[in-house]
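Work through the following exercises with the sequence and the model side by side, trying each task before reading its solution.

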Amino acid sequence: MRKRTTRCGVRKAGTNGTRKAVKAAKKADKKAAKAIQKGEHGRITPGNAKKIIGVAKVVVPVVAPFAIHAVSVARERYERMRAHRLGVPVDQLGSFTGRGAALHARIAGDGEALRELREQSASGEEAAVAEQYAERTAARLAQLTSAVRAAERMPAQRRKSAHRAVDAELGRIEDDLLGRFGVATRHTK
């Protein structure tokens, strides 16, 4: 076979590589046309299925442990992120579910703060005032918990409105609690 040259005797660039590419493309087109003619194009045939099963028998046992580990790591990170966002330990995350989970977590945190307020009040008169406040606030927190639970079954717009109202009430309770603990707050609403 003679090499193609120009008049100056210089070989044309890429002629051989271009021919191979054209030949490979024609071969692929013929194969696709044959599959279409047989009615096998885009379908799973018994031969294709056997090939897929054979590959799966080799690949799945190797890849499965890595996939399972990756899923468990992702799940653990997601749970830690959710617990951090709600402000609760990971082991208590199951207690706070649903669309009002964040509000339930805040209510539980406020209840814990009330218990600490009762424990910190040492003198007789101060302890009586703190106990009276804690009783009133605990009753209000119980009402708010019920409101959040009831809002779970409401339509979206009403549920969001109820959650905003509970959020505002919790903000007032938390500001009052911080004031009783001696922390100054700048809440402007």
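**Exercise 1.** Which side chain does E169 meet in a salt bridge at 2.8 Å, N to O?

*Solution.* The structure is a predicted model, in which local features need pLDDT of at least 70 and side-chain atom pairs count only at pLDDT 80 or more, while totals for chains, interfaces and linings use all residues. Residues are numbered from 1 along each chain as its sequence is written, and side-chain values use heavy atoms, with hydrogens and water left out. A salt bridge is a side-chain nitrogen of Lys or Arg within 4 Å of a carboxyl oxygen of Asp or Glu. The partner of E169 at 2.8 Å is R172, and the two residues are about one helical turn apart because they lie 3 residues from each other in helix α5 (helices are DSSP runs of H or I with at least four residues, numbered from the N terminus).

**Exercise 2.** Find where E169 and R140, which meet in a salt bridge of 3.4 Å, N to O, lie in the chain.

*Solution.* E169 belongs to helix α5 (residues 156–180) and R140 to helix α4 (residues 124–151), so that this pair, 29 residues apart, links distant parts of the chain. E169 counts as buried at 16% relative accessibility, whereas R140 is partly exposed at 32% (buried means under 20% relative accessible area, exposed over 50%, partly exposed in between, with a 1.4 Å probe and protein chains only).

**Exercise 3.** Is R75, a salt-bridge partner of E79, buried or exposed?

*Solution.* The closest N and O atoms of R75 and E79 are 3.2 Å apart. R75 counts as exposed at 54% relative accessibility, while E79 counts as buried at 16%.
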